[in-house]
Amino acid sequence: MKRIINKLIIIFLFMQPFLDVLTSFQIRFNILNIYISSIIRIVFLLFILIYMIIYKYDLKIILFMFIYGIIYGGYLLATNSFSLTFDAIRIFYLPVMIIFFNNEDIKIDKKKVLILYLIYMLLLLIPTMFGFSFDIYEVEKSKKGFIGLFYGGNELSGILLGLLPIILNYLQIVKKYYFRIIYYILIIFTFILVSTKTLFIGGIIVLLIYLFKYILNKKTVNKKYIIGGIVGVLVFLVIALPYTPVMNNIKVTLDYYGINNITDMFNLKTIDNVIYSRRLSYASNLIDEYKNSPIDNKLFGLKNINNIKDSELDLIDTYMTIGLIGFIVYIIVMGYLLYKYRLKGIYLFSLILFIIMACLSGHILIKPAVAIYTALIFRLNKEVE
């Protein structure tokens with residue numbers, strides 16, 4: 001049974017990029033009203049929940065979530081809002097997957113992780129190279145950004161940046177030098193072409209952190225070559241920056257909001273428009289809706305949440321979706337898991353990146369497509385214990 005589960009998990013992980021592409025086509029060409037990827041991910045979640053109960057994985061915390069689920073389900077049934085079940089499921093997808101990955105002995109070697117990341121890059125780079133890539137900014141024609149066959153720029157950026165420290169670390173063990181060079185080049189072009197601020201700037205920050213890490217680490221093998229390579233990439237990015245899509249997009253945004261000098265940046269409205277892409281305004285609208293809602297909405301979440309523009313700030317959207325009671329349950333569960341399954345080194349760094357992105361661009365912790373990888377780093381962390 002354990003061997004079968006291990007194979008199923010590997011298959012499920014390698015299905016993820018293709019499920020995201022399938023969802024992209026369904027949305028763009030209005031194919032069916034139910035996303036196949038959502039069905040597969042929910043069915044998988046229910047399967048592993050039953051599996052974990054049978055094998056008594058963290059039974060107390062699962063029982064805690066189960067009791068909340070019964071109460072929440074009863075409320076949705078009583079208020080004829082049962083369609084909101086899917087919103088709660090995607091929010092609790094992450095903690096359930098964390099429990100599973102930590103308790104099930106799944107063999108996910110470094111080679112598989114590198115191949116999986118490569119698939120995401122190729123599904124972006126190949127369509128872009130041959131001219132059939134989708135554009136992130138389809139409405140705003142003055143902005144540029146390529147997303148390959150995918151749909152959500154936030155989700156794709158989250159996966160690529162969140163796993164980047166682990167990928168860079170794993171590449172060091174690859175013996176074939178030419179493979180490493182090609183892989184590095186693919187990463188650079190992927191980050192440039194996607195052109196979201198989060199991914200591009202985040203990638204540079206990760207490189208700078210790795211640069212200082214190697215400079216300070218006296219035990220680094222081939223130190224001068226690694227440091228020289230990172231410096232070379234950074235210099236290339238600085239030289240190429242004026243010609244990149246991300247720089248074009250920043251200029252378009254600054255011109256649109258009439259920002260002509262650095263002093264114009266130091267106010268909340270500009271920060272909201274330029275850095276948060278109006279997410280703070282969307283969050284404010286949600287909060288106002290919440291304040292004016294009945295007490296049951298405050299406790300269990302806004303019943304009309306799907307008719308309001310989400311803030312794309314994960315904690316805000318989580319609170320508004322499942323209300324005060326659900327948010328308290330979520331914080332208790334996540335706090336317990338983070339304390340019990342403590343991450344170290346690059347895996348902790350990766351988690352921090354996911355959390356920062358959840359606070360800046362959203363669609364990270366509450367989107368199963370990304371939450372799966374946030375949970376996966378807990379399994380990868382156990383591989384080195």
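Author: Start with Leu234. Leu234 is buried, with a relative accessible area of 13%. Keep in mind that this is a predicted model.

Reader: Why is Leu234 called buried?

Author: Buried means under 20% relative accessible area. Leu234 has 13%, so the word applies.

Reader: Where does Leu234 lie, and which residues is Leu234 in contact with, leaving aside its neighbours within four places in sequence?

Author: Leu234 lies in helix H11. Leaving aside neighbours within four places in sequence, its contacts are Ile204, Leu207, Leu208 and Leu211. A contact needs heavy atoms within 4.5 Å. Take Leu208: its C-alpha atom is 8.3 Å from that of Leu234, and the two residues are 26 apart along the chain.

Reader: What about Val238: buried or exposed?

Author: Val238 has a relative accessible area of 60%. The cut-off for exposed is over 50%, so Val238 is exposed. Val238 lies in helix H11, residues 223–240.

Reader: What makes Arg278 partly exposed?

Author: Its relative accessible area is 35%. Arg278 sits in the loop between helix H13 (268–275) and helix H14 (279–291). Its phi is near 70 degrees, a positive value in a residue other than glycine.

Reader: Which loop holds His363, and is His363 buried or exposed?

Author: His363 is in the loop between helix H17 (345–360) and helix H18 (368–383). Its relative accessibility is 12%. That is under 20%, so His363 counts as buried. Phi of His363 is near 60 degrees, again positive in a residue other than glycine.

Reader: Now the rings. How many aromatic pairs are there?

Author: The count comes to 20 aromatic pairs, with ring centres within 6.5 Å as the rule.

Reader: Why is the pair of Phe12 and Phe44 called stacked?

Author: The ring centres lie 3.8 Å apart, which is within 6.5 Å, so the rings pair. Their planes are at 10 degrees. Stacked needs planes under 30 degrees apart, so this pair is stacked.

Reader: What parts of the chain does this pair link?

Author: Distant ones. Phe12 is in helix H1 (residues 2–28) and Phe44 is in helix H2 (residues 36–54), 32 residues apart.

Reader: How do you know that Phe12 and Phe44 are buried?

Author: Phe12 has a relative accessible area of 4%. Phe44 has 10%. Both values are under 20%, so both residues are buried.

Reader: Which residues do ring pairs link into a cluster?

Author: Phe47, Tyr51, Tyr55, Tyr57, Phe100 and Phe101.

Reader: Step back to the whole protein. How many helices and strands are there?

Author: There are 18 helices and zero strands.

Reader: How do you know that the radius of gyration agrees with a compact globule?

Author: A compact globule of 385 residues would have a value near 21 Å, and the protein has 22 Å, so the two agree. Its C-alpha trace spans about 60 × 55 × 40 Å along the principal axes.

Reader: What share of the residues is buried?

Author: Buried residues make up 49% of the 385.

Conventions: Residues numbered from 1 in each chain as written. Predicted model: local features only at pLDDT ≥ 70, side-chain atom pairs only at ≥ 80, totals over all residues. Heavy atoms only, no water. Helix = DSSP H or I, 4+ residues; strand = E, 2+ residues; numbered from the N terminus. Rg over C-alpha atoms; globule rule 2.2 N^0.38 Å. Buried < 20%, exposed > 50% of the residue type's maximum accessible area, 1.4 Å probe, protein only. Phe/Tyr/Trp six-rings, centres within 6.5 Å; stacked < 30°, edge-to-face > 60°.
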